[in-house]
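This briefing is for a reader new to the structure.

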Amino acid sequence: MTGSPRALHLAAAIDGAGAHPAAWRISGTAARRLLTADHHVRLALEAERGRLDFVTLDDGLAPLDGAAGAPRGRLDAVLTLARVAPLTSGIGLVPTVTTTHTEPFHVSKAVATLDFVSAGRAGWRFTVSDTAAEARSIGRRAVAAPEELWAEAAAVADVVARLWDSWEDDAEIRDTATGRFIDREKLHYVDFAGPGWSVKGPSITPRPPQGHPLVVARADSEPALRAAARHADVVIAAAAGPGAARAARTRIRAAVEEAGRAADDVAVLVDVAILLDADPDAARERHTRLDTAAGPGAPRLDFVGTPADLAGRFAEWAAADAADGFLVRPAVLPGDLTAFVDQVVPRLRDRGLFRSEYT
């Protein structure tokens, strides 16, 4: 590679007590506060303090599995981030939305509303519900094959964007003298037929401030990759090293081009679960404590070590042109997020790899 590495995109997951299932048992956050608005506001403000691009909040139609003693409850991601939005000012807010058992019209309206209450900082990550248990819980349809579910997810992403476009930018007149709030000629039907559903439109929510809020997706399977390639602005990928990350990005970009889009239209972020401590031995000891508390089957973290080493690793990946950025999942919240903001982000700025302020 020639020239200087490009600046990185950085985002953070703010799910529960952290990425490790035993995080809630040693976190500085009281367990009773995990399902509160204040908990999520605090984490989003911490990420905003580091000028990160966005935070993500996971969601689904099944309770968390409770593996290794992890908490099982969860809040609605869109509603939670709508509470976070007025108390933040620069950070992007990206909830996960399941498309399988959710009406596309409602998805469009909810994400558009989040964009309004955040003054243009909303996004959404689309995903599917693929278990029989979730299908039984909702009671509307049987579980389907992954190919069918992800084809539907792509259709939902398509009609959601069309609903956002169903109001022209200047459709709102708001003329108190004449009593005309909207120009009906600038509202349009979408008349979209999806797999097993149809949407006539137009939306009842005006066009969002961004026009099209950010669309995020994971590419963990071929059907998911096809859907992401057609509609996502950001694709999250798992990779063990720069070589694997570069290969994943090449595969994603090829799929994007095959879908008729420009490869540079999509940013590829590598998913990294992190545990940080100023001393590497202390980091390993804390990791051991977490795994012991969780018991057998605790998931592997991607990085356990010092902030300096993590900044160096990210810089190496950037120099190898292996990723456009990273979605960090702190092992324990808020501690590992604070360490990332205070000790990793400044090192990346010193290397010219991350901005100092929002534009």
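**Helix H7**

In H7, the buried residues are Pro223, Ala224, Leu225, Ala227, Ala228, Ala229 and His231. Buried stands for under 20% relative accessible area, exposed for over 50%, and partly exposed for what lies in between, with a 1.4 Å probe and protein chains only. The model is predicted: local features need pLDDT of at least 70 and side-chain atom pairs pLDDT 80 or more, while totals for chains, interfaces and linings use all residues. Residues are numbered from 1 along each chain as its sequence is written, and side-chain values use heavy atoms, with hydrogens and water left out.

- Helix H7 spans residues 222-231, and because 7 of its 10 residues are buried, it is largely enclosed by the rest of the structure.
- Helices (H or I, at least four residues) and strands (E, at least two) are DSSP runs numbered from the N terminus.
- The cover over the buried residues of H7 includes strands S4 (123-127), S9 (214-218) and S10 (234-237), together with helices H6 (146-164) and H8 (242-258).

**Helix H10**

- Helix H10 covers residues 307-319, and its 13 residues reach 18 Å from first C-alpha to last, close to the 18 Å expected at 1.5 Å a residue. The expected span is 1.5 Å times one less than the number of residues.
- Buried residues of H10 are Pro307, Leu310, Ala311, Gly312, Phe314, Ala315, Trp317 and Ala318.
- These buried residues pack against H8, H11 (335-350) and strands S11 (267-276), S12 (303-305) and S13 (325-330).
- After H10 comes aspartate 321, with a positive phi near 55 degrees.

**Alanine 283**

- Alanine 283 is part of helix H9, residues 280-294, and it counts as buried because its relative accessibility is 0%.
- Apart from neighbours within four places in sequence, alanine 283 is in contact (heavy atoms within 4.5 Å) with Leu275, Asp277, Val304 and Gly305.
- Phenylalanine 303 is 20 residues from alanine 283 in sequence and 9.9 Å away in space, C-alpha to C-alpha.

**Cavity**

- The structure has 1 cavity of 30 Å³ or more, and the largest cavity holds about 30 Å³ of space.
- Its lining includes Thr100, His101, Ser129, Arg141 and Leu149.

Notes:
1 Å grid on protein atoms, 1.4 Å probe; cavity = no way out; pocket = protein on both sides within 12 Å on 5 of 7 lines; lining within 4 Å. Points joined across faces, edges and corners; volume = space filled by probe spheres on them.
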